[in-house]
Amino acid sequence: MAPEENAGTELLLQGFERRFLAVRTLRSFPWQSLEAKLRDSSDSELLRDILQKTVRHPVCVKHPPSVKYAWCFLSELIKKSSGGSVTLSKSTAIISHGTTGLVTWDAALYLAEWAIENPAAFINRTVLELGSGAGLTGLAICKMCRPRAYIFSDPHSRILEQLRGNVLLNGLSLEADITGNLDSPRVTVAQLDWDVAMVHQLSAFQPDVVIAADVLYCPEAIVSLVGVLQRLAACREHKRAPEVYVAFTVRNPETCQLFTTELGRDGIRWEAEAHHDQKLFPYGEHLEMAMLNLTL
C-alpha cells in the first residue's frame, strides 16, 4: 500500500475511533470515506480494523456504550460496507406457534460474529444453515462474507414464511426471482426435516459449508442433527465433505457431552474453535458460548 494510502486509512480509523469513544451521533462518522475506500479495494482488513477501534476497543470493553448505540453503529457499518443493513421480523414470544425458531438465540449472534471475523470460510461457497430460525446469522453472512449461494432451512412452515419475509426485507432475492441482484448470493429457503430428509433430497443442496446455531436443546435433536450430517457427507460422493460449524450456548454439560459422544459414535471428529475475546453483538455476559468445527 502506498504511503499516502496508509496515511488516508489511518486518518479514517482515527475518525471512527474518536467519534465512537465520544459517543457522537452516527451521522457524524466518515461513512462516505469508508464507502470510497471499500469501492476501491473491498478491504475486509479495514472493516476488522474499524471494529478494533470501536466496539472492540479496550476502553469500550471495560466501559461499554449502551446496547442501543452499539447495535445502531454495527447496523450502519453493515449497511455501508455491504449495501444494506440487517433487519429482522421476529416474534416476541420465546415459544411461538409450537417452535422456538421465531426469535434470535444467543448462539446465532455468536456465530454471526465469528463469520464476520472469518469471511474466508464462506467467500464464493455454498452454505447450508440447519435450523435457521429468524435468519440473522445467514443474513449477516450473505451481506458480509460473499457466499456464492446460501440455503436457509427449517422444518416448520411458520418459520419458513418468516424467513422468506426477512430475506426480502433485507434486499436479497429468493432463487426463483429472476430479477435478483447478480452480485448477491443465490438464496434459497428450504423445508428440511432432519429425521425425514434422505440422501436424494440432501444431494440437491451440495453445500461446501454447513452451519447451525443453538440446535442442541434436547437429546432427540442431537441424534437427529448427527444423522443428517452423516447423510449430507454421503451425498457429496467423490467431492470433499462439507465443513461444519455448530455454535451453542452451554446450558447443560450433559447435553454437550451427549453431542460429542454421538459424534464419536459416528466417527465424526471435532475440535473447538477459539473463543472470541471481545464480542460485537449484545448477548448475556453470564452465558458460556462454544463452537465446534466438525470433520465428517
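Colleague: At 57% relative accessibility, does Arg265 count as buried or exposed, and what is Arg265 paired with?

Modeller: This is a predicted model, in which local features need pLDDT of at least 70 and side-chain atom pairs count only at pLDDT 80 or more, while totals for chains, interfaces and linings use all residues. Residues are numbered from 1 along each chain as its sequence is written, and side-chain values use heavy atoms, with hydrogens and water left out. Arg265 counts as exposed at 57% relative accessibility, where exposed means over 50% relative accessible area, buried under 20% and partly exposed in between, with a 1.4 Å probe and protein chains only. Its salt-bridge partner is Glu262, with the closest N and O atoms 2.5 Å apart; a salt bridge here is a side-chain nitrogen of Lys or Arg within 4 Å of a carboxyl oxygen of Asp or Glu.

By the salt-bridge rule the count comes to four, and among them is the pair of Glu117 and Arg56, at 2.5 Å from N to O. Glu117 lies in helix α6 (residues 106-117) and Arg56 in the loop between α3 (44-53) and α4 (58-62), so this pair ties together parts that are 61 residues apart in sequence. Glu117 is buried at 17%, and Arg56 is buried at 15%.

Terms used. Helix = DSSP H or I, 4+ residues; strand = E, 2+ residues; numbered from the N terminus.
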